[in-house]
Amino acid sequence: VAIPVDGEKHNFHYNLWEVLKGGAKTRYQWNVDAIHTLKEIEAEGRLATTEEQKTLSKYVGWGGLSQVFDEKNENWKKEFAQLKELLSEEEYTAARATVNNAFYTAPEVASCMSQALVQFGFRGGNVLEPSMGIGNFFGTIPTPMQRSNLYGVELDSISGRIAGQLYQKANISITGF
């Protein structure tokens with residue numbers, strides 16, 4: 001894997017003032033943009049740049065977006081066709097299967113939980129994020145914990161691959177936990 005333009009692997013960190021909110025169509029578009037970016041990066045055999053990480057970080061999974069998988073839904077016909085074309089058959093099947101269980105912890109909530117760990121005296125060590133999605137807990141780790149060894153596990157291929165691009169210094173496994 002090629003090193004990013006600045007020469008070093010780097011982990012993404014959320015600026016909580018810039019975390020966006022959006023409706024179903026907006027969240028769908030964020031997902032598509034992130035998948036396009038991921039596939040481009042992988043095709044070029046390199047790691048994501050800081051700018052690309054911002055796009056990847058907007059991926060919200062398919063929980064709450066079940067309508068995009070309904071080919072009879074007139075309001076989502078264009079998106080249904082676009083997604084079928086964008087994803088491999090295996091990726092599409094996996095994405096559809098996550099509709100009922102892929103709800104990512106918001107970065108704001110993850111940040112509060114990490115801050116609580118610091119208040120309890122944790123200053124770093126080994127950190128495991130099972131069922132990590134794209135890794136919102138890693139993306140909100142407070143400064144005292146940023147030297148931690150990060151380990152993540154994610155079953156979904158797209159989410160796990162995005163997490164690998166966002167947290168380039170982490171050890172991420174795409175497998176069941």
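Colleague: Which residue forms a salt bridge with lysine 25?
Modeller: This is a predicted model, to begin with. A salt bridge here needs a side-chain nitrogen of Lys or Arg within 4 Å of a carboxyl oxygen of Asp or Glu. For lysine 25, the closest N and O atoms of the pair are 2.9 Å apart, and the partner is glutamate 79.

Colleague: What does the count of salt bridges come to?
Modeller: Side chains of opposite charge can pair when their charged atoms come close. With the 4 Å cut-off, the salt bridge count is nine.

Colleague: On to the sheet: in what order do the strands sit?
Modeller: Three strands make up an open sheet, and their pairing is parallel. Strand 1 (126–129) and strand 3 (171–174) are the edge strands, each pairing on one side only. The order is therefore 1-2-3.

Colleague: What does the twist average from one strand to the next?
Modeller: Going from one strand to the next, the average comes out at 15 degrees. That angle is taken between N-to-C directions, and again the twist averages 15 degrees.

Colleague: How many bridges does strand 1 share with strand 2?
Modeller: The two strands pair in the parallel sense. Among the partners, asparagine 126 goes with asparagine 149 of strand 2, and leucine 128 goes with tyrosine 151. The number of bridges is four.

Colleague: Which residue in strand 3 is the bridge partner of glutamate 154?
Modeller: Strand 2 and strand 3 run parallel, joined by four bridges. In strand 3, glutamate 154 has as its bridge partner isoleucine 174.

Colleague: Now the pockets: how much space lies in the largest one?
Modeller: Its lining has 25 residues, and the closest to the centre are Tyr14, Val19, Leu20, Ser57 and Lys58. By class, that lining splits into 13 nonpolar, seven polar and five charged residues. The space in this largest pocket is about 560 Å³.

Colleague: Which elements give two or more residues to the lining of the second largest pocket?
Modeller: This second largest pocket has a volume of about 470 Å³. Of its 29 lining residues, Asn101, Tyr104, Ser131, Gly133 and Glu154 are the closest to the centre. The elements giving two or more residues are helix 4 (89–97), strand 2 (149–154) and helix 6 (157–166).

Terms used
Residues numbered from 1 in each chain as written. Predicted model: local features only at pLDDT ≥ 70, side-chain atom pairs only at ≥ 80, totals over all residues. Heavy atoms only, no water. 1 Å grid on protein atoms, 1.4 Å probe; cavity = no way out; pocket = protein on both sides within 12 Å on 5 of 7 lines; lining within 4 Å. Points joined across faces, edges and corners; volume = space filled by probe spheres on them. Nonpolar A, V, L, I, M, F, W, Y, C, P; charged D, E, K, R; others polar. Axes fitted to C-alpha atoms, helices over the stretch in contact; angles between N-to-C directions.
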